[in-house]
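Grab a pencil and work through these exercises with the model open beside you. Try each task before you read its solution.

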Amino acid sequence: MPTPVTNPEQLGEPAIANADIQLLVLDIDGTIAGVSNQITQSVKEAITTVHRKGIPVAIATGRMYRSALRFHQEILSPLPLIAYQGALIKDPATELLHYHTPVASEIALELLDYFDDSTVRSQLSVHCYIDDCLYVRELTADSQAYGDRTGVTPIPYGDLRPLIAATAPTKLLALSQNTALIDELLQAFSLRYTPTELYLTKSHTTFLEAGNPAVNKGAAVRYLAEDILGLSSKNVMCIGDNFNDVEMLEYAGIGVAMGNAPEGVKAVANWVSPSVEEEGVARAIERFLL
């Protein structure tokens, strides 16, 4: 496991400090977009400079494809967009769907049973993603706030079981302001399901996300780098801020955790940048790519 540092001169590994980076991959929330839900001018300029050096920049996010699209367009990415933690990879320029791996309907239905349990139901907002639409059990204040930030209108559907039984969801998300409950559910599901049955992660302290076991950002970035661009992991730099970014930070030749990341995420990074509100992505680009 790499040792996180705050200065590239401390890396102690010339192969990392002088890595031949040919692909930069960025998370959105907590990485290039903070409280304002916008990319600052400084970060945009840094990304533009990376493009001018001939290094393509890609987005890898837990967001829906339609929600992430404006960020992909804003940074002028020439590459397919990685959405839903890598469950969907699609090229906006050609509309080519490279990859879509949903959660098995049977497991998704089992998760709904947990979410509907009387001891937790009132504390959870349940989100189901099918065909790049957001279906919710009911329109709670949390779901409305989520929709406002992501630019997506939640569709109240009531009982989600018939919907999921008919079409396997791209992912499920349980949202709760009770962060202890989110942690408890994550632990319970991790004991109930093996990593070959279900991918579980947190992209925020209030979000528990469930996906197909073949899905994570690391696998998606590997596909982008190796299968599409013909690169290796040592040619990749990834920047992220939460547990759903861990796999891509571990894969990358240079993995950068934001200063606002949890300690467990920082622990797997090669370098820790300033926070998103301090424009940490721009600082990381200046350190390693300019």
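A residue is called buried under 20% relative accessible area, exposed over 50%, and partly exposed in between, using a 1.4 Å probe and protein chains only. Keep in mind that this is a predicted model, where local features need pLDDT of at least 70, side-chain atom pairs count only at pLDDT 80 or more, and totals for chains, interfaces and linings use all residues. Residues are numbered from 1 along each chain as its sequence is written, and side-chain values use heavy atoms, with hydrogens and water left out.

**Exercise 1. Decide whether Asp 159 and Arg 161 are buried, exposed or partly exposed, and find their network.**

Step 1: Asp 159 has 44% relative accessibility, so this residue counts as partly exposed. Arg 161, at 24%, counts as partly exposed too.

Step 2: The two form a salt bridge, with the closest N and O atoms 3.1 Å apart. That term means a side-chain nitrogen of Lys or Arg within 4 Å of a carboxyl oxygen of Asp or Glu.

Step 3: Look around them: Asp 159 and Arg 161 belong to a salt-bridge network with Asp 113, Asp 116, Arg 121 and Arg 137. The structure holds 17 salt bridges.

**Exercise 2. Find which strands the pair Glu 209 and Lys 171 ties together.**

Step 1: Their side chains meet in a salt bridge of 2.4 Å, N to O.

Step 2: Glu 209 sits in strand β11 (residues 207-211) and Lys 171 in strand β9 (residues 171-175), so the pair ties together parts 38 residues apart in sequence.

Step 3: Both Glu 209 and Lys 171 are buried.

**Exercise 3. Do the accessibility check for Asp 183 and Lys 202.**

Step 1: These two form a salt bridge, the closest N and O atoms being 2.6 Å apart. Asp 183 is in helix α7 (residues 179-192) and Lys 202 in strand β10 (residues 199-204), 19 residues apart.

Step 2: Asp 183, at 37% relative accessibility, counts as partly exposed, whereas Lys 202, at 12%, counts as buried.

Notes. Helix = DSSP H or I, 4+ residues; strand = E, 2+ residues; numbered from the N terminus.
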